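Trainee: I would like to learn how to read a structure like this one. Could you walk me through it?

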Amino acid sequence: MTELTDELSSAVAQLEDDKVLDLVRQRLETGVPPIKVVKTLQEGMTEVGDRFGAGEYFLNELVVAGEIMKDAMAIIEPHLRGEAAETKGVIVIGTVRGDIHDLGKNIVVMMLQGAGYQVVDLGVDVPAERFLEAIEEHQPQVVGMSALLTASQAPMKKTIEAIRAQRATTKIMIGGSYINETIKDQVGADYFGTLAGDAVKIADSVLVDV
Amino acid sequence: MTEISYKENVVRFGPGLPTVLIGERINPTGRRRFADALREGDLTTVKTEAVRQVDAGADILDVNVGAGGLDEPATLVAAVELVMSTVDAAICIDSSDASALIAALDVYEGKALVNSVTAEEASMATILPVVAEHGAAVIALPHDEHGIPADPRERLAHAARIVDAAAAAGIPSTDVVVDCLCMPVGADQQAAARALETLRLVRAELGVATTAGASNISFGLPERPTLNLAFLAMAIDAGLAAPITDVTVPGLRRLCRASDVLASRDARCRRYVADYRRYPSQ
């Protein structure tokens with residue numbers, strides 16, 4: 001695990017909610033740019049994600065970290081006005097048609113948001129048209145599709161074909177416990193992941209390539 | 001009372017009756033080596049898991065081969081035939097592929113439990129006629145295309161809709177087993193309470209048998225067996241009739257027998273004592 005030198009990032013990683021909020025207020029009062037505070041928080045969240053991936057933190061702790069982040073952002077947001085709300089990129093994500101499992105997707109959303117992405121979450125059982133509309137509206141760098149059921153493979157393939165027909169350059173990542181290289185190729189996606197932390201790594205690498 | 005059978009072996013469960021255990025381990029979800037083996041046509045794990053679970057006290061075996069990248073109807077038929085030739089246990093045929101369900105039901109020698117139908121119109125229209133035609137029973141997942149309702153009353157409404165649609169298709173309510181939908185407490189603190197309340201509502205308002213994917217409750221947390229056992233004890237009190245769970249977890253079967261005694265579901269503690277005699281050390 002990374003050694004976090006900043007007191008605020010370290011407090012996020014340690015899930016010390018009161019300390020995080022106090023430090024955020026303190027820093028804003030002493031004139032630290034809000035965007036810098038957000039970045040520091042994100043470093044803590046990345047560490048939480050890594051600890052979760054390593055089996056050191058558990059699901060409930062990921063949820064707690066998400067809540068701390070939300071509370072901290074509520075304090076920071078009024079100060080962000082006027083400044084360009086900086087995000088690493090936009091990601092549209094959803095569980096594909098025919099599948100209503102959202103736990104894996106929700107974890108991925110939390111990790112992506114924590115890492116600084118703006119995430120448009122379309123929910124579960126998402127038909128191809130909803131993906132297309134959201135892509136048109138939000139112009140994401142990456143589209144993510146989640147699936148737990150093997151029966152989701154056919155709808156996933158159809159959705160990806162529809163997206164490619166509309167906007168051929170869209171980068172598509174798929175995720176789920178049973179997904180592998182073969183399935184990724186069969187459905188025509190660009191990237192795949194099986195662990196919670198994979199989505200952030202994929203998104204980061206896509207943005208470097210673009 | 002719900003009845004499932006394999007040849008002469010009849011399994012009965014429902015409100016007020018002792019808990020019946022559905023073994024969950026013949027399922028490649030999240031088990032990469034098992035999934036790879038299935039794709040290569042290797043069914044060894046199906047056989048070993050069937051024996052292991054029946055030895056551990058499973059009454060019904062769930063059989064799922066949804067590994068992706070394989071011919072699911074053919075593989076499911078082969079797995080069901082292998083389980084039938086290996087152990088004397090009733091089968092819960094588990095697939096999201098209707099053609100696989102039909103193929104497996106065609107070869108099954110008895111009254112199967114089908115896993116599953118949802119409250120989505122398309123699911124009910126596809127699955128219920130198949131269940132009716134084969135005289136099987138079916139697990140009802142009380143959700144629709146909008147996802148899993150948090151509110152137990154909404155789950156009850158979905159369950160009632162499935163029971164009605166089943167009746168219209170010629171399936172009696174005793175052949176509908178409602179799943180109370182266990183979600184991980186690690187993600188939502190109220191998840192267990194919602195599942196338990198769903199069990200109580202279904203028992204009170206519909207009077208049909210219930211099931212639960214009980215192991216799901218502990219997803220993402222450490223020491224999962226302890227959470228699963230605590231949940232099972234509470235769920236049996238709330239009326240859970242036939243959990244789908246890992247019967248090989250040490251102490252699980254005995255805990256269910258003990259919970260039956262405490263919930264007045266084991267007259268004169270006969271089953272509990274029989275369990276002690278068959279398995280003197282758990």
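Mentor: We will go through the chains, their sheets, and some of their helix contacts.

Mentor: This is a predicted model, in which local features need pLDDT of at least 70, side-chain atom pairs count only at pLDDT 80 or more, and totals for chains, interfaces and linings use all residues. Residues are numbered from 1 along each chain as its sequence is written, while chains are lettered from A and ligands numbered from 1 in the order in which they are written.

Trainee: How many helices and strands are there in chain B?

Mentor: Chain B has 10 helices and 10 strands; helices (H or I, at least four residues) and strands (E, at least two) are DSSP runs, numbered from the N terminus. The C-alpha trace of chain B spans about 45 × 45 × 40 Å along its principal axes.

Trainee: What order do the strands of the open sheet in chain B have?

Mentor: Here is the general idea: strands of a sheet pair through backbone hydrogen bonds, either parallel or antiparallel. In chain B, an open sheet of 8 strands has the order β9-β8-β7-β6-β5-β4-β3-β10, with parallel pairing; two strands pair if DSSP finds at least two bridges between them. The edges are β9 (209-211) and β10 (244-245) of chain B, each with a single partner strand, so one side of each is left without a neighbour in the sheet. Inside this chain, β4 (residues 60-63) and β5 (residues 90-94) of chain B run parallel and are joined by 4 bridges. Opposite Ile60(B) you will find Ala90(B) in β5(B).

Trainee: Which strands are the edge strands in the sheet of chain A?

Mentor: That open sheet has 5 strands in the order β2-β1-β3-β4-β5 (chain A), with parallel pairing. Its edge strands are β2 (118-121) and β5 (191-193) of chain A, each pairing on one side only. On average, neighbouring strands of this sheet are turned by 25 degrees against each other, direction ignored. Strands β3 (residues 142-146) and β4 (residues 171-175) of chain A run parallel and share 5 bridges, and Met145(A) has Ile174(A) in β4(A) as its bridge partner.

Trainee: At what angle do α3(B) and α4(B) cross?

Mentor: In general, two packed helices are described by the angle between their axes and the distance between the axes. The axes of α3 (residues 72-86) and α4 (residues 98-107) of chain B come within 8 Å and cross at roughly 30 degrees. Axes are lines fitted to C-alpha atoms, for helices over the stretch in contact, and angles run from 0 to 180 degrees between N-to-C directions. That makes α3(B) roughly parallel to α4(B); angles under 35 degrees count as roughly parallel, over 145 as roughly antiparallel, 65 to 115 as roughly perpendicular and the rest as oblique.

Trainee: Which residues make the contact of α8(B) with α9(B)?

Mentor: Helices α8 (residues 224-237) and α9 (residues 252-262) of chain B have axes that come within 9 Å and cross at roughly 30 degrees. The residues in contact include Leu229(B) and Leu232(B) of α8(B) and Leu252(B) and Leu255(B) of α9(B); two residues are in contact if their C-beta atoms, placed from the backbone, lie within 7 Å.

Trainee: Where does α5 of chain A lie?

Mentor: Helix α5 (residues 103-114) of chain A lies across β1 (90-95), β2, β3 and β4 of chain A, running at about 170 degrees to β1(A). Helix α6 (residues 128-138) of chain A lies across β1, β2 and β3 of chain A.
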